Amino acid sequence: MSKITAAITAVGAYVPDYVLTNDMLATKVDTNDEWITSRTGIKERRILKDADKGTSFLGIKAAEDLIAKRNLDPTEIDMVIFATATPDLPVAATAAYVASSIGAVNAFSYDLQAACSSFLYGMSTAASYIEAGRYKKVLVIGADKMSSIIDYTDRTTCIIFGDGAGAALFEPNEEGFGLQDEYLRSDGIGRDFLRIEAGGSLLPPSEETVANRQHFVKQDGKTVFKYAVSNMADASSKIMERNNLTGDDVNWLVAHQANKRIIDATANRMGLDDAKVLMNISKYGNTTSATLPLLLNDFEKQLKKGDNIVFASFGGGFTWGSIYLKWAYNS
Ligand code: UT7
């Protein structure tokens with residue numbers, strides 16, 4: 001019997017309609033379109049404006065898009081992994097609500113939180129269950145309502161993040177397509193440089209934490225940038241070396257969209273032409289857990305069966321890594 005690999009067999013996505021442009025942000029904080037564009041590559045981002053909707057709304061929409069495109073019976077889904085840094089509620093898995101809402105009534109589900117690497121780690125988890133022969137249809141959803149944890153008076157973070165969601169279905173493959181190799185890492189040193197200080201067990205919410213704006217994301221951008229550049233490039237080149245891939249062999253880089261300069265540096269280390277680097281950061285900014293599946297969905301038509309794709313991400317924690325996957329279908 002041939003080896004079972006875990007292939008992506010369908011993707012879907014959703015972004016809210018409301019567009020927050022650089023010029024709009026420049027009316028709220030001391031910044032400008034030129035600075036944001038040249039330092040990050042971002043022109044605009046999407047924001048979920050409805051006060052009564054959480055991240056589950058985005059995830060449900062992305063999953064429904066996948067289900068409709070693929071004509072999938074949701075009762076066949078065995079497992080839903082909901083990758084997010086912004087769950088609807090601190091306790092009560094958002095995954096369970098999403099799975100029930102999309103009709104995945106035979107699935108079990110849980111949330112996976114690894115900041116901007118949540119989706120990448122989720123791919124690894126999904127693939128492991130499939131390769132083990134345990135489950136046949138695993139849905140990984142990456143979704144974040146970043147606007148719920150962003151301080152729109154802080155110009156060092158509010159220009160970067162946006163809201164969005166994407167989804168990918170993993171299924172067994174016996175022709176060698178799907179996930180080939182992974183190199184995943186984490187380092188707790190990162191906790192000091194990118195975090196939300198309050199609201200967890202270490203510093204529960206209080207009037208003081210609210211007054212001190214400690215429920216918003218804070219980052220030391222320069223330090224995070226340095227770690228992101230070296231670690232994302234390292235992980236991607238390691239995965240290439242381990243699989244004897246040269247820049248010519250790689251068809252696409254699907255990298256976390258945090259900053260265009262970080263993505264360019266990674267592509268450069270890998271020896272890739274710009275044309276092979278999938279990029280949509282200008283439209284959405286950094287959507288945290290949604291960046292990778294949003295890229296797959298936006299560029300789905302260009303991906304061809306057998307294409308070699310290198311995924312890469314870096315995020316809070318720190319968490320980072322790279323995955324090598326062979327694309328399994330033509331759309
Ligand atoms: O996805 C999770 C991982 N996160 C990341 O990967 C983010 C990594 N970091 C970054 O992308 C970048 O560090 C930022 C985009 C956050 C900042 O870019 P930078 O080139 O590292 O800028 P900087 O922090 O070194 O600041 C340069 C200057 C400073 O002014 P002075 O001290 O040189 O006078 C800042 O005060 O730019 C100033 N500045 C701004 N100016 C206009 C900082 N933010 C802004 C702004 N508009 N929004």
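Modeller: Let's start at the ligand: one of its oxygen atoms lies 2.5 Å from a polar side-chain atom of Lys222.

Biologist: How much of the ligand's accessible area does the protein cover?

Modeller: On its own the ligand has 950 Å² of accessible area, and the protein covers 75% of this. The areas come from the Shrake-Rupley method with a 1.4 Å probe; for residues, only the protein chains shown count as cover.

Biologist: Before we go on, where do these values come from?

Modeller: This is a predicted model, in which local features need pLDDT of at least 70 and side-chain atom pairs count only at pLDDT 80 or more, while totals for chains, interfaces and linings use all residues. Residues are numbered from 1 along each chain as its sequence is written, and side-chain values use heavy atoms, with hydrogens and water left out.

Biologist: Which residues around the ligand come nearest?

Modeller: There are 22 residues around the ligand, and Thr31, Arg39, Lys222, Asn259 and Asn286 come nearest. A residue is near a molecule or strand if one of its heavy atoms lies within 4 Å of it.

Biologist: Which elements give two or more residues to the shell around the ligand?

Modeller: They are helix H2 (33-40), helix H8 (221-242) and helix H9 (260-270). H8 gives the largest share, four residues. Helices (H or I, at least four residues) and strands (E, at least two) are DSSP runs, numbered from the N terminus.

Biologist: Asn259 was on your list of nearest residues. Why is Asn259 called buried?

Modeller: Buried means under 20% relative accessible area, exposed over 50%, and partly exposed in between, with a 1.4 Å probe and protein chains only. Asn259 has 8%, so it counts as buried. It sits in the loop between S11 and H9, and its side chain reaches the backbone nitrogen of Arg261 at 2.8 Å. Leaving out residues up to four places away in sequence, Asn259 touches Arg39, Thr40, Phe225 and Ile281; contact means heavy atoms within 4.5 Å.

Biologist: How do you know that Thr266 counts as buried?

Modeller: The relative accessibility of Thr266 is 0%, so it falls under the 20% limit. Thr266 is found in helix H9. Its contacts, apart from residues up to four places away in sequence, are Met232, Ala233, Ser236 and Leu253.

Biologist: What makes a group of residues a nonpolar core?

Modeller: They must be buried Ala, Val, Leu, Ile, Met, Phe, Trp, Tyr and Cys residues, joined through side-chain atoms within 4.5 Å. The largest such core has 39 residues, and those with the most contacts inside it are Val250, Leu253, Met270 and Phe314. H8 supplies the largest share of this core, six residues. Another core, of 34 residues, lies apart from it, with Ala6, Met79, Ile130 and Phe170 among them.

Biologist: Why is helix H11 described as largely enclosed?

Modeller: Helix H11 (residues 291-298) has eight residues and seven of them are buried, so the rest of the structure largely encloses it. The buried ones are Thr291, Leu292, Pro293, Leu294, Leu295, Leu296 and Asn297.

Biologist: Is Asn244 buried or exposed?

Modeller: Asn244 has a relative accessible area of 67%, over the 50% limit, so it is exposed. Asn244 lies in the loop between H8 and S11 and has a positive phi of about 50° although it is not a glycine.

Biologist: And why is Ala92 called partly exposed?

Modeller: Its relative accessible area is 44%, so Ala92 falls between 20% and 50%. Ala92 lies in the loop between strand S4 (79-83) and helix H4 (94-101), and its phi is also positive, near 105°.

Technical notes
Polar contact = N/O pair within 3.5 Å; in protein donor to acceptor, adjacent residues only side chain to side chain.
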